[in-house]
Amino acid sequence: MTENNVLIRLSAAALAEKLAAGEVTSVEVTQAYLDRIAAVDGGPRGVHAFLHVNTEEALAVAAEVDAIRAAGGAAAEELHELAGVPIAVKDLIVTVGQPTTAGSKILEGWHSPYDATVVKRLRDAKMPILGKTNLDEFAMGSSTEHSAYGPTRNPWDLDRIPGGSGGGSAAAVAAFEAPLALGTDTGGSIRQPGAVTGTVGVKPTYGSVSRYGAIAMASSLDQIGPVSRTVLDSALLHQVIGGHDPHDSTSLPDPLEDLVAAARTGNVDGMKIGIIKELHGEGYQAGVENRFNESLELLKQAGAEIVEVSCPNFKYALGAYYLIMPSEASSNLAKFDGVRYGLRVLPKDAPLTIERVMGATRAAGFGDEVKRRIILGTYALSAGYYDAYYGSAQKVRTLIQRDFEAAFAQADVLISPTAPTTAFKLGEKLNDPLAMYLNDVATIPANMAGVPGLSLPGGLADEDGLPVGIQLLAPARQDARLYRVGAVLESLLEAQWGGPLLDRAPELAASIETQEAK
Amino acid sequence: MAAINRDDVAHLARLAHIEMSAEELDRMAGELAVIVDSVKSVSEAAGDDVPATSHPIPLTNVFREDVVGHTFTAEQSLSGAPDAYEGRFKVPAILDED
Amino acid sequence: MSTDATLSFEEAMEKYDPVLGFEVHVELNTKTKMFSSAPNVFGDEPNTNVNEVDLGMPGVLPVVNKTAIESSIKIGLALNCKIAETCRFARKNYFYPDTPKNFQTSQYDEPIAYDGYLDIELSDGTVFRVEIERAHMEEDAGKLTHMGGSAGRIQGADYSLVDYNRSGVPLVEIVTKPIQGAGSRAPELAKAYVAAVREIVKNLGVSDAKMERGNVRCDANVSLRPHGRERFGIRSETKNVNSLRAVEHAVRYEIQRHAAVLDSGEPVIQETRHWHEDTRSTTSGRAKSDADDYRYFPEPDLVPIVASREWVEELRATLPEPPAERRKRLQADWGYSDLEFRDVVNAGVMDEIEETIAAGATATVARKWWMGEIVGRAKNADVDPGQLGVKPETIVELNKMVEAGKINNKMAAEVLDGVLAGEGTPAEIVEKRGLAVVSDDGPLLEAIDAALAAQPGVADKIRGGKLQAIGAIVGAVMKATRGQADAGRVKELILERLGVEG
Ligand SMILES: [Mg+2]
Ligand SMILES: [Zn+2]
């Protein structure tokens, strides 16, 4: 393994330690990642996790951190723990100085004049931003195939999907193109890609990370969260981006818990962990079930009590989600009209009126899945249907919250597989929207109720050798519990595997070269 | 619940300001019908006594003090504009309502 | 543009009973926008009083202005409304280029204030109660300017320009219940109602309340039904009627137009109408259509507002004296008779008189100028008196010149015309036009002697103590001097000449 290969395989926590100890510079680390991106991301068989690589700015921030460290003194002391550790940002989150596309043609070439709150916090922590990662257009999808800029490939098997919508962020971390990334999770877009790429992803409690600057899909469901290779790394990043933001009216006023401490002092002894009856078994791949059962066994051995809970209303979650999400999205995406920014397309024939320009712009600028959801949402909100659709879905939300309340009365955390299957083949479900939607069946209830969820690698499925994700869910505002339990399960599993799961992933650069050589 | 047909989709596309070809309307009507059918159980899930939840974590009275913050220059405001003229966004003629 | 048929107002009233309804939009004068911290300022360079929120940039979120909420509650209280314990914002979805998100964030089924009333005093002193259905909060849109085609009209424009400075300015929309029973007083009531709302928000200090700037904008709904019928007719909604006189005229016009439509046996179309000040008529706007499906739903980016009773009472305690009480106080302070005061109110110059007195004029002088000079000029110019552009300071200055004997009242009126024509300050105009009372008594005495000689009978009457007869001589002197003389001085000199004690 080359020196760079060693560097890029370190966890963010380990990198932070080496940076602080002066064993490596941020420029070296950042350059190593940029080199890795150059090696594996491009080309016809590249991972294609990035839509934009932010070389100059990333190196400039890295050099600034190195200079501060070299100078020593108070400024060096005050550097954030993660200062100098690079990060990738999902291209749904606006950044000054880099394009933000949301994976859509309608925003091609658009530069935001303001930074998202989470991006400001990354800048305050002096974390070099490596670039913007690929996603399903406006985060609408579970495979990243709905990106207007082409799909991202799963580093475990380049013919498979990396999950979605945050496939770019998950694949970047899985392919060692970044130690950390930001994702957004509306119905599972952080956790499901985490599951199918063998990475860790966290959807925080709704309102605990500011949404300001995340291009909205469904306002009452969206949440920004960390993507990483270890549970501790997610906690470190969560601690950077979390906490109250006055620009987001739904931002919780609570002070952030010490998530890093929770990840470092993982413990499940005497804890009650609830298996959600409705979120495993029928409809779940056998290999997924097997790995899930193994994890339960390990937790039991570590002193946890496994109980079974029932959430009978979860069966309505997917349907209610596919009413609330498109309804809010249809309104949130109305602003993309060719007037103030982004694409403008003129109608082919006369008359040239603004109405027709809007219609032509949105016809050309949005992809099929986005149009499908806008039309569905427009339908669900339209006169005469509101009560039956949007109104009923909001009631289902209440039922799902009650299910969670009852379940958390019996268990400290809940557990389930993150996704019913491992990564499927590119193109396999592209023309079957309903089959695609089913990927999120286990992740959606958390968004509907606002509770936090974490997905971590649970091993490889027997039948296809692909990663399986284990999902942990905690009550709202109890994100720390996820890290406490996740850290324990992670260490037990890694002990079993003899190292991180990602060590078993195929050597990527080699595989791309071989493919290209063919 | 009423099935969704091509005319419905055409009406919705008009409301949503998305031009659609005849072929697209047909395809969309088919796909939406399937999706709408699969979500219809939702309307029967909850009784009248169940309140709606619009925000997952309830908060109230989140306000901002009336203090002036940052503004853009006209140049910044128009930086992404497809067309502009004399500090303003330029748009093709607006169809009069009458 | 076709002209609609109308019936005479009298005939319309004989046959039909009008039902009115108003939606009045009040722009609040908060320092910042409803949902963003950009300044709420009128008249700056386009697209400079905005930030990412007002432009509807991707990723932005709204945060509610607390002062706007408090102002809205105050308006609700002043309109005798109930204040909702809990209320919310919703999204009203429609595409229009002046609406940056293509939805308006507005209250919908949960307004902050509801079920109020306003007692409106008509010109003859009768009081008419207008019931308020609701007052809800929303945000203003940007401003469109239509270029090319026919002079700024939307019809036939080549393109339009958008300035979002006004985008997000806080609005309170006040909606009445259907107003029945006004009969032929409907146009007058319409004007008086909007005037009352304007007075209230101005008095509260929550709006600049300048109709000419669009701080207060009125949509007027009119329908007619045959006398004695319970069911309402189909209504029209005349948009953006933006002066008090226009409100009166628009309601009158719509009553006449509806009557003609009904007489012809045609149904009235439910539509919006545009008001044209130049022709004092309305034209057809947009008919109600299925595109009016606004797909309202609760704004997911904002959380509910809970107005605790303590908060409401705190705000109630800050309310200024209500307009009706203020009127009573002003009338007493100014010493006007009931009739004088009602004339002032009906002429819509109470605030102006108050400002003039504050600037240093006596109550009598202020009334003399506003009622005697300015109201008439406003009528001729077809504008509200306050919009004529007379500054209180001008009146004070003119009055000082008169009192000092520099000019007389007739000249002062001439100077006022000069000021309104933009010729300069009163002093400059007096100078430029060479207006000054003749102060050398020589020529004046000549004129007096001639007048006394011409009317010996009158001279005898004055000598005999009938001082009121002096007017005839003064008039003759003023005529002879073409108004250049100071009437007071003329009177003195006549008495002197005749040896009579004044
Ligand atoms: Mg209205
Ligand atoms: Zn309104």
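Trainee: What makes the contact between the side chains of C:E313 and C:R316 a salt bridge?

Mentor: In this predicted model, the N to O distance between the side chains of C:E313 and C:R316 is 3.0 Å, and because a salt bridge asks for a side-chain nitrogen of Lys or Arg within 4 Å of a carboxyl oxygen of Asp or Glu, the pair meets the rule and is counted as a salt bridge.

Trainee: Why is A:R291 called buried, and what is A:E294 called?

Mentor: The relative accessible area of A:R291 is 10%, and since buried means under 20%, A:R291 is buried; A:E294 has 31%, which lies between the 20% and 50% cut-offs, so A:E294 is called partly exposed. The side chains of these two, A:R291 and A:E294, meet in a salt bridge at 2.7 Å, N to O.

Trainee: How do you know that C:R377 forms a salt bridge with C:D417, and which parts does the pair tie together?

Mentor: The closest N and O atoms of C:R377 and C:D417 are 2.6 Å apart, and because the limit is 4 Å, the pair qualifies as a salt bridge. C:R377 lies in helix α9 (residues 363-381) of chain C and C:D417 in helix α11 (residues 409-420) of chain C, so the pair ties together parts that are 40 residues apart in sequence.

Note on methods
Residues numbered from 1 in each chain as written. Chains lettered and ligands numbered in written order. Predicted model: local features only at pLDDT ≥ 70, side-chain atom pairs only at ≥ 80, totals over all residues. Heavy atoms only, no water. Buried < 20%, exposed > 50% of the residue type's maximum accessible area, 1.4 Å probe, protein only. Helix = DSSP H or I, 4+ residues; strand = E, 2+ residues; numbered from the N terminus.
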